[in-house]
Amino acid sequence: MKIICHSLDISTIKDVSVPKTFRDLKEVDCLSCDLVQTFISIYTMLLSTSSTETAEGRILLGMMVIKLGTSTLTLAKNSLLYGQCALFRLIYESCVTISWLLNSSDDQRFNKFIQNGLSNEKRLLLQVESDIQKSDGEKMPIQQRIISSIAKSAEPFDFDLDKIRNIPKRRNIRIPNVRERTKFLDPTLRLYGLYSLASTETHSGIAEIEKYNTTKSGSLYHPTFTANAETSIVIDSRRLLTLIKLINRSFSQVLDSSSFVFVPTDDGQLFRDKIQKQEAVYNALSKAHEILLQRQ
């Protein structure tokens, strides 16, 4: 499962500088946004110079891409906090899955991950084949394209159509739920509490309806939309800093595992030094935010 990082020029990414004193929360929030940008740039450079020959390594690299981080950053730069909770949950699930894949003692975990990922393909394949059977075995062009597409998607992971047909039901694959996967990243489960709190936007809860989606005028309620900076919440460094903590903790486990190799080896230490500098900025911003919040 070796992942090789080749010739990492990490010095080209500028560090975020922290002032000795902060004027207000807005300054902390803006620097938090810059710090997210820096972290994303650092890990993007790492991934863009990495490669692997194994399916397991490919899964880890693919999970680490987490393009949603860029989406979160874009929302923050435009002062649009609404929508970030839903993105946070998606990023969170990727991070805890990486930790589970790295640290679980289940020797079938990668195979289970692949089976779970191909469950929808199995359902579609069986439905198409059932329709073909009902038509006396005559395949329509679109049915043939669907079957070929399913086979092509599964081939890189050493699954053919027979293996897809025999994939167990999802409940029998027994991949741990998000809470159990969180334990591989954070045994205290404090991060899972944040994941649960971020469910409002995903499930359209009461808090979302009351705060963001409706307003009261007299005795009447009206729907509202929060897709602009004027009506949305401004950047909140607590959300952004939590995102940094989450991604950094998960990715650090990959880097600390025996599966990741830097070539030349000195690049590994340079990369870790770079991350440590950003962690110091993270700690300073977290502290400043709490102090300024208490003053208010």
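**Exercise 1.** Determine how strand S1 is joined to strand S5 and to strand S2 in this predicted model.

*Solution.* Step 1: S1 and S5 (residues 260–263) run parallel and are joined by 4 bridges; strands are DSSP runs of E with at least two residues, numbered from the N terminus, and two strands pair if DSSP finds at least two bridges between them. His6 has Val263 of S5 as its bridge partner. Step 2: S1 and S2 (residues 50–52) run antiparallel, with 3 bridges. Here Ile3 is partnered by Thr52. Step 3: the covered face of S1 (residues 3–6) holds Ile3 and Cys5, while Ile4 and His6 form the uncovered face.

The model is predicted: local features need pLDDT of at least 70, side-chain atom pairs count only at pLDDT 80 or more, and totals for chains, interfaces and linings use all residues. Residues are numbered from 1 along each chain as its sequence is written, and side-chain values use heavy atoms, leaving out hydrogens and water.

**Exercise 2.** Compare the span of helix H4 with the expected one, and state how far H4 is enclosed.

*Solution.* Step 1: H4 (residues 84–103), a DSSP run of H or I with at least four residues, has 20 residues. Step 2: the expected span is 1.5 Å times one less than the number of residues. From first C-alpha to last, H4 reaches 28 Å, close to the 28 Å expected. Step 3: 15 of the 20 residues are buried, so H4 is largely enclosed by the rest of the structure; buried means under 20% relative accessible area with a 1.4 Å probe, protein chains only.

Note on methods:
Buried < 20%, exposed > 50% of the residue type's maximum accessible area, 1.4 Å probe, protein only.
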